[in-house]
Amino acid sequence: MQFFLNLGPIFRALMRQRFSAILVVVQIAITMAIITNGLAITWERFLHIERHTGIDEHNTFFLTSSGFTQGFNPRATIENDLSLIRATNGVIDAVQTNSFPLSDSGNWYELQTTTDKDATLIPAASYKFDEHGINTFGLTLVAGENFSAQDTLWLDEADSQWPSHVLISQATASALFGETQWQTAVGKTLFVNQSTPLIIKGIVKRLHAPWVDWPHVEKTIISPARVTHNSARYVIRTQPGRLNDLMQSLSASLAKENTQRVIRKVKSIQQAKDEIYAADIATVSILLVVIVVLAFVTAMGVAGLASFNIDKRRQQIGIRRALGASKGQILQYFMLENALLCAIGAVLGVLLTFMLNIFLVDRYSLTPLPLLYVPIGVLILFFISQLAVIKPAIRAMSVSPAMATRSL
């Protein structure tokens, strides 16, 4: 009952101070539009950055061996290097590969279940490594089995031959055979570029493509092959806590082992991830700073206008205190007044939020704002505004009838 009794005096008081009330409403509305859209973009970018690639990102690094002499033997070098690396204490496993997630380089092919020209084509990034690849990458085999040593082929760079068996990711299996039938893909045949038949030997749970912004990032195919080239790329998985020291010692050991090549691009997967997501990380950081600063500025604005209004209404507060209003009722009055302004600002803020999101979607091709963020934005603004008005409201309830009536 007291709530409804306060509404009339509050509205009349706000009508006498329209300008300051409008300032609070507009400030809350604009802040809500920016914070709500900012939070949505920040969370979307954060989820994009934190997507798991399927590999052991924290304990894996890579390096490149590049031969530069005429007598350089790529195949012998790869065999010797892998033997040395795998025998090193602290190394879980190692593999020579054409690419890996977050490398931003590689190739992809179109897959289908028949040679029919009208069959659906499924794009999939292509990886080539031997039977050590699953253990090196830390992949989870969810159906079928891994390659054997006999499955692996040695291929020249220009060789278009495919091994007879392949592994595919679960996302690829689902795209080819259906969401509920992906496990049945083992043993079945798929076709590469409408011509080459390959038998699916196994399915890994997750393995991302090398390109983080590729729309088919979860669709991959793995063939058991080692490609000979003067430049070979090795991916090495280490035991926890051994990454940094093995990055240094192995690169030095490999360089010393064969002086006909140079070891370069020694980098951890986490370093590669930080570099490739640098723009996204910067965006998230900037948006978080903007959100915090804007929330602080809004809180200061609400508190400042509340203090100004209370100073102008000290006599009115004193009269209410003299007529029997308790300190708690004075506090409740100003908290309620602020809540009403916040509610009006939130209504306007919802409209501005969607207008801003429509602009961002149209101009920058962002994802439309999920409706869940609207109530989140309202709650954040309500919390900020109520928190900001607590101190001025406490000062208002401390006004004594005697102080407020001295000018009468």
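In the predicted model, a search of the whole structure finds seven aromatic pairs. One of the pairs is formed by F62 and F100, with 4.5 Å from centre to centre and 40° between the planes, a tilted arrangement. F62 belongs to strand 1, whereas F100 sits in the loop between strand 2 and strand 3 (107–112), so the pair ties together parts that are 38 residues apart in sequence. Both F62 and F100 are buried.

The rings of W108 and W214 also pair; their planes stand at 45° and their centres are 5.8 Å apart, so this pair is tilted. An angle of this kind counts as tilted because stacked planes are under 30 degrees apart and edge-to-face planes over 60. W108 has a relative accessible area of 40% and is partly exposed. For W214 the relative accessible area is 16%, and this residue is buried; the cut-off for a buried residue is under 20%. Together with W211, the residues W108 and W214 make up one aromatic cluster.

A further aromatic side chain, W162, has a charged residue over its ring. K128 lies over the face of W162, at 5.5 Å from the ring centre.

Strand 1, which carries F62, is part of an open sheet of four strands. The order of the strands is 2-12-1-13, and their pairing is antiparallel. At the edges are strand 2 (91–96) and strand 13 (261–268), each of which pairs on one side only. On average, neighbouring strands of the sheet are turned by 20° against each other, direction ignored. Strand 1 (residues 60–67) and strand 13 run antiparallel and are joined by six bridges. Within this pairing, S66 has V262 of strand 13 as its bridge partner.

Two helices lie across strands of the sheet. Helix 6 (residues 243–257) lies across strand 1, strand 2, strand 12 (231–238) and strand 13. Its direction is at about 170° to strand 13. Helix 7 (residues 269–276) lies across strand 1 and strand 13, and runs at about 70° to strand 13.

Technical notes: Residues numbered from 1 in each chain as written. Predicted model: local features only at pLDDT ≥ 70, side-chain atom pairs only at ≥ 80, totals over all residues. Heavy atoms only, no water. Pairing = 2+ DSSP bridges. Axes fitted to C-alpha atoms, helices over the stretch in contact; angles between N-to-C directions. Contact = heavy atoms within 4.5 Å. Phe/Tyr/Trp six-rings, centres within 6.5 Å; stacked < 30°, edge-to-face > 60°. Buried < 20%, exposed > 50% of the residue type's maximum accessible area, 1.4 Å probe, protein only. Lys NZ or Arg CZ within 6 Å of the ring centre and 35° of its normal.
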